[in-house]
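This report describes selected local features of one protein model. Please view the sequence and the structure together before reading on.

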Amino acid sequence: MPFLQEPEFARLPSGFYTRVRSELLTSPYWIARNEGLAEEINMPSEMFSDGMLAYLSGSADVYRPVPLASVYSGHQFGVYVRQLGDGRAMLLGDWIDGSGKRWEWQLKGAGRTPYSRFADGRAVLRSSIREYLCSEAMHGLGIPTTRALALIGSPDPVYREEEETAAVVTRVAPSFIRFGHFEYMYHSGRHENLQPLADFLIDNHFPECREADNPYFALFQIISRRTAELVAAWQSVGFCHGVLNTDNMSALGLTIDYGPFGFLDAYDRRHICNHSDHSGRYAYNEQPYVVHWNLSRLASCLLPLVSESALIDELEHFPDIYRAAYLKRMRAKLGLQTEQKGDEELVSDMFNALQSRKVDFTLYFRRLADVGNVHGEPLPAGLMELFHGSTESFIAWIGRYRGRLRAENSEPKVRKVQMDAVNPLYVLRNYLLEQAIVQAKNGDFREIERLYRCMRHPFTEQKEFADFAELPPDWAGGICVSCSS
């Protein structure tokens with residue numbers, strides 16, 4: 001593929017990666033082509049021609065540059081695993097877009113690498129659909145994420161909980177470097193590789209760090225603060241990652257590795273979206289805490305480059321940085337114009353009222369925008385139906401909320417426009433994905449395309465997607481998602 005360049009990642013010492021060969025798929029076929037992303041990054045019109053099908057399925061005769069798979073380690077469910085790596089992903093090369101920005105291209109599911117351990121290096125149709133769609137849904141929500149350029153299927157069998165068919169996702173990002181890359185070099189005693197890795201990130205992604213007294217401490221600061229902003233964004237839309245192991249944490253503050261994720265339907269702060277997470281380590285309300293813990297693991301790997309006291313000081317600032325980012329988003333979701341001392345309590349008490357009635361997270365905020373300022377004015381019927389009966393605690397809260405709106409001289413029509421701009425009407429609920437997956441297994445990919453088109457504009461009401469803005473059916477609560485999903 002002549003327009004992909006040798007990846008910048010290959011400039012790192014050879015201990016970071018291994019050159020690999022993909023494994024052919026039988027009779028690959030297009031499932032989805034992200035023409036919107038292709039246009040954004042100035043891809044040529046022939047990008048999605050049939051001639052590209054073999055290349056993006058890992059089935060081309062020749063790859064130039066030769067793909068590579070990187071090695072990393074990580075803490076999985078709190079336990080350190082000394083070697084992980086790109087077990088089913090391979091880096092094809094870099095694409096330079098019209099603005100000069102560099103994008104790494106990966107194939108996910110294109111076969112074994114030296115880091116596959118005992119796995120087959122493949123991805124199944126089910127998980128690939130989920131990653132393709134959620135990458136783009138998160139981008140539509142304005143949340144930093146890896147992106148998905150194409151999705152290709154094959155009749156080749158792949159065995160997970162049951163026999164399924166294979167698929168390959170082409171995903172792109174400015175970089176796929178993870179906390180785990182630092183962990184591998186530190187814990188394996190290859191400390192001489194920590195500085196080149198940090199320099200790579202600074203030179204290619206955070207050049208402003210060079211102006212600091214200690215560029216490596218500045219690098220940790222920017223990673224920590226981007227990560228705080230990222231998890232605040234997740235919490236604000238009810239997104240549960242599901243497997244926040246350190247090897248699934250991006251050094252660029254991107255959402256990466258979509259596995260057993262889920263968006264909250266009924267609000268439950270203790271919601272666990274991964275049925276393999278028996279202890280609830282990665283429950284919705286635990287995400288800010290586990291991300292903080294993950295940053296402490298990254299900090300320990302920078303001890304050869306940064307003083308311990310500086311790293312500890314930055315870690316101690318994380319809760320306040322996260323809290324400020326979260327409250328800023330929540331004020332916007334509530335249509336509040338000012339910052340006041342009792343904001344955290346106001347938000348907390350609201351969620352207590354939602355918790356007791358298991359109110360739908362997404363539709364609640366969207367319908368809250370229809371509430372007027374006048375004390376005692378009837379509340380919108382669409383909002384009240386979400387509470388399934390008793391609303392005593394919410395009625396008490398809404399009185400305080402309306403008082404705040406009146407104190408700010410909030411104009412209801414203006415506030416509704418502002419709230420609708422930050423509260424999505426559509427999120428990629430698991431039951432919507434499940435419906436698309438069932439149809440795709442029968443060879444019908446139209447629902448994938450519908451979801452893709454809808455989730456690109458999640459804040460704008462679109463009549464053709466009215467069915468995506470309904471309360472989930474009763475059976476949605478029974479969907480079971482695992483790490484192989």
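**Annotated residues**

N248 touches R178, H241, V243, I256 and D257, not counting residues up to four places away in sequence; contact here means heavy atoms within 4.5 Å. The model is a predicted one, in which local features need pLDDT of at least 70, side-chain atom pairs count only at pLDDT 80 or more, and totals for chains, interfaces and linings use all residues. Residues are numbered from 1 along each chain as its sequence is written, and side-chain values use heavy atoms, with hydrogens and water left out.

In an unreviewed UniProt entry, the annotation "binding site" covers N248 and D257; such annotations may be inferred rather than shown by experiment, and their positions are given in the numbering used here. N248 lies in the loop between β11 (239–240) and β12 (262–263), and D257 is likewise found in the loop between β11 and β12. Helices (H or I, at least four residues) and strands (E, at least two) are DSSP runs, numbered from the N terminus.

N248 counts as buried because its relative accessibility is 11%, and D257 counts as buried because its value is 13%. The classes are buried (under 20% relative accessible area), exposed (over 50%) and partly exposed (in between), computed with a 1.4 Å probe on protein chains only.

Leaving aside neighbours within four places in sequence, D257 is in contact with K108, R171, R178, H241, D247 and N248. The side chains of D257 and R171 are joined by a polar contact of 3.1 Å. A polar contact is a pair of N or O atoms within 3.5 Å; within protein, one must be able to donate a hydrogen and the other to accept it, and residues adjacent in sequence count only if both atoms are side-chain atoms.

**Cavities**

A cavity is a set of points, on a 1 Å grid over the protein atoms alone, where a 1.4 Å probe fits but cannot get out; lining residues have an atom within 4 Å of a point. Grid points are joined across faces, edges and corners, and a volume is the space filled by probe spheres set on the points. By this rule there are four cavities of 30 Å³ or more.

The lining of the largest cavity consists of F9, L68, S70, D86, L91, E104, Q106, F176, I177, R178 and H181. To this lining, β3 (68–70) and β7 (102–108) each supply at least two residues. Around the second largest cavity there are 10 lining residues, of which R88, K108, S127, S128 and E131 lie nearest its centre. Helix α3 (residues 125–140) gives the largest share of that lining, three residues.

| Cavity | Volume | Lining residues by class |
|---|---|---|
| Largest | about 90 Å³ | five nonpolar, three polar, three charged |

**Backbone geometry**

Most residues other than glycine have a negative phi, and most peptide bonds are trans. R64 and P65 are joined by a cis peptide bond with omega of about 0°, and P65 lies in the loop between α2 (50–56) and β3.

F77, which is not a glycine, has a positive phi of about 50°. F77 is found in the loop between β4 (74–76) and β5 (79–81) and is partly exposed, with a relative accessible area of 32%. N409 also has a positive phi, near 55°. N409 lies in the loop between α12 (392–407) and α13 (412–420) and counts as exposed at 67% relative accessibility.

Technical notes
1 Å grid on protein atoms, 1.4 Å probe; cavity = no way out; pocket = protein on both sides within 12 Å on 5 of 7 lines; lining within 4 Å. Nonpolar A, V, L, I, M, F, W, Y, C, P; charged D, E, K, R; others polar.
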